[in-house]
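The sequence and structure come first.

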Amino acid sequence: MRKLIAFDDDTFDKLKQLARDRMATFQELADEAFADLLKKHGIPIDLKDALRKSVRLAGETGGNERRTSRKTKS
């Protein structure tokens with residue numbers, strides 16, 4: 001999917017230079033930037049990240065339920 005994003009000339013020049021310095025494409029810089037933004041806000045980037053988050057959340061809730069169950073049995 002293609003979307004247009006507007007940059008001022010100075011910012012765009014700096015991004016182009018950064019891409020050249022890192023021997024990367026502008027698209028690779030954009031992919032990295034958006035992946036970092038999603039990670040910062042806790043949004044999974046791909047299926048692998050989504051599964052990790054799901055397992056982590058299931059472990060947190062499952063651990064609490066087990067402890068509660070043991071306390072009520074005693």
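In this predicted model, helix α1 has 13 residues and reaches 18 Å from its first C-alpha to its last, close to the 18 Å expected at 1.5 Å a residue. D8 caps the N-terminal end of α1, with a side-chain oxygen 3.2 Å from the backbone nitrogen of D10. After α1 comes M23, which has a positive phi near 55°.

Helix α2 covers residues 26–40. Its 15 residues should span 21 Å at 1.5 Å a residue, and the end C-alpha atoms are 21 Å apart, so the model agrees with the expectation. L29, A30 and A35 are the buried residues of α2. The cover over these buried residues includes α1 (9–21). α2 is followed by G42, whose phi is positive, near 75°.

The structure holds three salt bridges.

| Salt bridge | Closest N and O atoms |
|---|---|
| K14 and D10 | 3.2 Å apart |
| R22 and E32 | 2.9 Å apart |
| R52 and D49 | 3.4 Å apart |

Where do K14 and D10 lie? Both are in helix α1, four residues apart, about one turn of the helix. K14 has 55% relative accessibility; exposed means over 50%, so K14 counts as exposed. D10 has 44% relative accessibility and therefore counts as partly exposed.

The salt bridge of R22 with E32 joins a loop to a helix: R22 lies in the loop between α1 and α2 and E32 in helix α2, so the pair ties together parts that are 10 residues apart in sequence. R22 is partly exposed, with a relative accessible area of 45%. E32 counts as partly exposed because its relative accessibility is 34%.

R52 and D49 both belong to helix α3 (residues 47–73) and are three residues apart, about one turn of the helix. R52 is at 46% relative accessibility, so it counts as partly exposed. D49, at 24%, also counts as partly exposed; buried would require a value under 20%.

Conventions:
Residues numbered from 1 in each chain as written. Predicted model: local features only at pLDDT ≥ 70, side-chain atom pairs only at ≥ 80, totals over all residues. Heavy atoms only, no water. Helix = DSSP H or I, 4+ residues; strand = E, 2+ residues; numbered from the N terminus. Expected span 1.5 Å × (residues − 1). Buried < 20%, exposed > 50% of the residue type's maximum accessible area, 1.4 Å probe, protein only. Contact = heavy atoms within 4.5 Å. Polar contact = N/O pair within 3.5 Å; in protein donor to acceptor, adjacent residues only side chain to side chain. Salt bridge = Lys/Arg side-chain N within 4 Å of Asp/Glu carboxyl O.
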